[in-house]
Amino acid sequence: MNIAFTFPGQGSQAVGMGKELAEAFPEAAAVFAEVDDALGEKLSDTMWNGPEEVLTLTANAQPALMAVSIAVIRVLEAKGLDLRSKVSFVAGHSLGEYSALCAAGTFSLADTARLLRIRGNAMQAAVPVGKGAMAAIIGLEHADVEAVCREASSFGACQIANDNGGGQLVISGEKQAVEKAAALASEKGAKRALMLPVSAPFHSALMAPAAEAMREALSKVEKRDPVVPVVANVLAAPVSDAGEIARLLVEQVTGQVRWRETVQWFAANDVTTLYEIGSGKVLTGLARRIDKAVNGIAVNTPADIDAALAALLA
């Protein structure tokens, strides 16, 4: 088998996402209804009708993106796809790791929705607004970006949050330190060093209170070993033990999303096709830039689902 399913992270949300799926497939509509019930609110209404600034709130975007991904999975399964026999691995970008784990049976859909609501709220509450920041650094090597983060750390916490591949790294931490690191990156020859319009410094040491919130939340939910291994963000390697997965999800809150290494791991282990399950095409674009031997295919519309099934069930 040479197929992996990947699941997008924050930034892939868009007003209207999932509506076409819900109208076309009862299995998808059932997913959105179950997520609404789990959260005690009509998140689906915000997803389909906006406003965008409400959908973009971390506590909404995280369960919303997961819901679209699982809606696609449920439709694929209803039409004959067996994850265990057709897919070698799953992986997700940041919150997408929860989508991957729900798809692979580690968490129930309702528990996943509640976990992501807790995660979103905890990440937002961990740092006062204005204290933290994130910046995208384009065109520098990983080691160079690590070096500027170290140099800027005299101004406060600063570290690599996401290694997205294709020369794109995201740094995160205290605002003054991130601004200093971005300036240093420009001096070292970065093509761009761009402060990001985010509400909190995700995947940094400042997220420690959110990590503790997730440790407690994860301890209270039922966990099963995934039916296929998940390639974990913080390891860029596969895990199949539910207890280890929960520990790594706690670590993920403050740790680096090693997406470049994840795609490289897939390529090195004979995975030739990555199906991006859910909203947008961000991961498909990144895969192309990381390793041209890996084929990325986005699956988020009824037509995409039909095409994916034709290939997967051939």
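Helices (H or I, at least four residues) and strands (E, at least two) are DSSP runs, numbered from the N terminus. This report concerns a predicted model, in which local features need pLDDT of at least 70 and side-chain atom pairs count only at pLDDT 80 or more, while totals for chains, interfaces and linings use all residues. Residues are numbered from 1 along each chain as its sequence is written, and side-chain values use heavy atoms, with hydrogens and water left out.

## Salt bridges within helices

A salt bridge is taken here as a side-chain nitrogen of Lys or Arg within 4 Å of a carboxyl oxygen of Asp or Glu, and a search of the whole structure finds 11 of them.

| Residue pair | Helix | N to O distance |
|---|---|---|
| Glu77 and Arg74 | α5 | 3.5 Å |
| Glu212 and Arg215 | α11 | 3.0 Å |
| Glu251 and Arg247 | α12 | 3.5 Å |

Glu251 and Arg247 are separated by about one helical turn because they stand four residues apart in helix α12. For exposure, buried means under 20% relative accessible area, exposed means over 50%, and partly exposed lies in between (1.4 Å probe, protein chains only). Glu251, at 37% relative accessibility, is partly exposed, and Arg247 is partly exposed at 48%. Salt bridges that share partners join Glu244, Arg247 and Glu251 into one network.

In helix α5, Glu77 and Arg74 are three residues apart, about one turn of the helix; Glu77 is partly exposed at 31% relative accessibility, and Arg74 is partly exposed at 26%. In helix α11, Glu212 and Arg215 are likewise three residues apart, about one turn of the helix, with Glu212 partly exposed at 45% and Arg215 partly exposed at 44%.

## The buried side of α12 and its surroundings

Helix α12 (residues 242–254) also has buried residues, namely Ala242, Ile245, Ala246, Leu248, Leu249, Val250, Gln252 and Val253. These buried residues pack against α7 (96–103), α8 (109–125), α11 (208–219), β7 (230–232) and β8 (237–239). At the start of α12, a side-chain oxygen of Asp241 comes to within 3.2 Å of the backbone nitrogen of Gly243.

Gln252 is buried, with a relative accessible area of 0%, and its side chain reaches the backbone oxygen of Ser94 at 3.0 Å. Contact means heavy atoms within 4.5 Å, and, leaving aside neighbours within four places in sequence, Gln252 is in contact with Ser94, Glu97, Arg119, His203, Asn233 and Val234.

Helix α7 is mostly covered, eight of its eight residues being buried, and among them are Glu97, Tyr98 and Ser99. Gly105, which follows α7, has a positive phi near 85°.

Ser69 has 0% relative accessibility and counts as buried; not counting residues up to four places away in sequence, Ser69 touches Phe7, Pro8, Ser99, Ile277 and Gly278. Pro63 is buried as well, with a relative accessible area of 0%, and, leaving aside neighbours within four places in sequence, Pro63 is in contact with Leu39, Leu43, Thr58, Ala113, Leu116 and Arg117.

## The two domains and their interface

The domain assignment of the chain, whose bounds come from an automatic or database assignment, gives domain 1 (2–126 + 206–313) and domain 2 (132–199). The C-alpha centres of domain 1 and domain 2 lie 26 Å apart, and the contact takes 14 residues from domain 1 and 14 residues from domain 2.

Buried area is the accessible area (1.4 Å probe) that two parts lose on being put together, summed over both. Domain 1 and domain 2 bury about 1100 Å² between them, 41% of it on carbon and sulfur atoms. In domain 1, Leu206, Gln256 and Arg260 lose the most area to domain 2, together 46% of what that side buries.

The count between domain 1 and domain 2 is one salt bridge. Arg260 forms a salt bridge with Asp163, where the closest N and O atoms are 2.7 Å apart. On the side of domain 1 that touches domain 2, α13 (259–268) and α14 (282–290) each supply at least two residues, and the largest share, three residues, comes from α14.

Conventions: Polar contact = N/O pair within 3.5 Å; in protein donor to acceptor, adjacent residues only side chain to side chain.
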